[in-house]
Amino acid sequence: MMIGFISRQFLTGLITILPLTLTAYLIYWFIVSTEKALSGVIKFVLPDYLYWPGMGFVAALLLIFMIGLLMHLYVVKALFRYIEELLYHMPLIKSVYGAIRDFFQYFSPARQSEFEQVVAVKLDNGMELIGFITLDSSDSLPIEDEDGEERVLVFLPMSYNIGGYPVMMSKKRLRPVNMTMEQAMRFVLTAGVAGHTGKKD
């Protein structure tokens, strides 16, 4: 009994502190890495007396912000697509880069804006899946409706995996779910382990 009690309390403490510790470590790693990477460049450009600790990290934030702005330009986007095409033709790099890029695309503001609505998809056996409507009109789908039913394109993400299935289905099989995109994505990707902390306002 005592060993079981101690084990449960230890696991509770570990589960509580581990996400905080990992988050703090990732933030620390990012700050230290960017500072180390750019401080040398800054010291080379500026006199030593003008440099202060943390300038490399601030420069990294400004650089990331500028890249975000530049990605709205057609020329920059075209250049980026060309570089990506080169990467996707390299045997080993294309697999690693593709997996990393797909993962971060889940959290992209542009990607989330493509999702029109969180819905529950009803199956014939009575089960329901959480999905996201990405195209809400039959006119935008690659096939024509043969039975006259209005269809939409629903993306069904997979739990603990990077990927999912785009499914064309009738609107009759869907019902809206009162969750934000972020809440629904977290709920699905963790198979409900993260829980549903609140409803969409």
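**A strand and its surroundings**

Reply: Let's start with I130, which is found in strand β2. This is a predicted model, where local features need pLDDT of at least 70 and side-chain atom pairs count only at pLDDT 80 or more, while totals for chains, interfaces and linings use all residues. Residues are numbered from 1 along each chain as its sequence is written, and side-chain values use heavy atoms, with hydrogens and water left out. As for the names, helices (H or I, at least four residues) and strands (E, at least two) are DSSP runs, numbered from the N terminus.

I130 counts as partly exposed, at 22% relative accessibility. On this scale, buried means under 20% relative accessible area, exposed means over 50%, and partly exposed is in between (1.4 Å probe, protein chains only). In sequence, I130 and V177 are 47 residues apart, yet their C-alpha atoms are 8.4 Å apart in space.

E128 and R175 join their side chains in a salt bridge, at 3.0 Å from N to O. E128 sits in strand β2 (residues 128-135) and R175 in strand β5 (residues 174-176), 47 residues apart, so the pair links distant parts of the chain. The term salt bridge means a side-chain nitrogen of Lys or Arg within 4 Å of a carboxyl oxygen of Asp or Glu. Both ends are partly exposed: E128 has 39% relative accessibility, and R175 has 43%. Searching the whole structure turns up one salt bridge.

Now zoom out. The chain has six helices and five strands, and from the N terminus on they run α-α-α-α-α-β-β-β-β-β-α. Of its 201 residues, 20% are buried. In helix α6 (residues 181-189), the buried residues are M181, Q183, A184, M185, V188 and L189. Just after α6, A191 has a positive phi of about 55 degrees.

Over in the helices, look for ring pairs. Rings of Phe, Tyr and Trp (its six-membered ring) pair if their centres lie within 6.5 Å; planes under 30 degrees apart count as stacked, over 60 as edge-to-face and the rest as tilted. That rule gives two aromatic pairs. One of them is F30 with F57, edge-to-face, with 6.0 Å centre to centre and 85 degrees between the planes. Since F30 lies in helix α1 (residues 2-45) and F57 in helix α2, this pair ties together parts that are 27 residues apart in sequence. F30 itself is partly exposed, at 29% relative accessibility.

Helix α1 also holds L14, which is partly exposed at 34%. L14 is one of the residues making a nonpolar surface patch of about 800 Å², along with F10, L11, I15, I17, L18, L20 and L22. Patches are made of residues with over 30% relative accessible area and no salt bridge, with like charges joined within 9 Å and nonpolar side chains (Val, Leu, Ile, Met, Phe, Trp, Tyr) within 5 Å. The areas come from the Shrake-Rupley method with a 1.4 Å probe, and for residues only the protein chains shown count as cover.

Finally, a word on confidence: pLDDT is the predictor's confidence in each residue, from 0 to 100. The chain's mean is 79, and 81% of its residues reach 70 or more.
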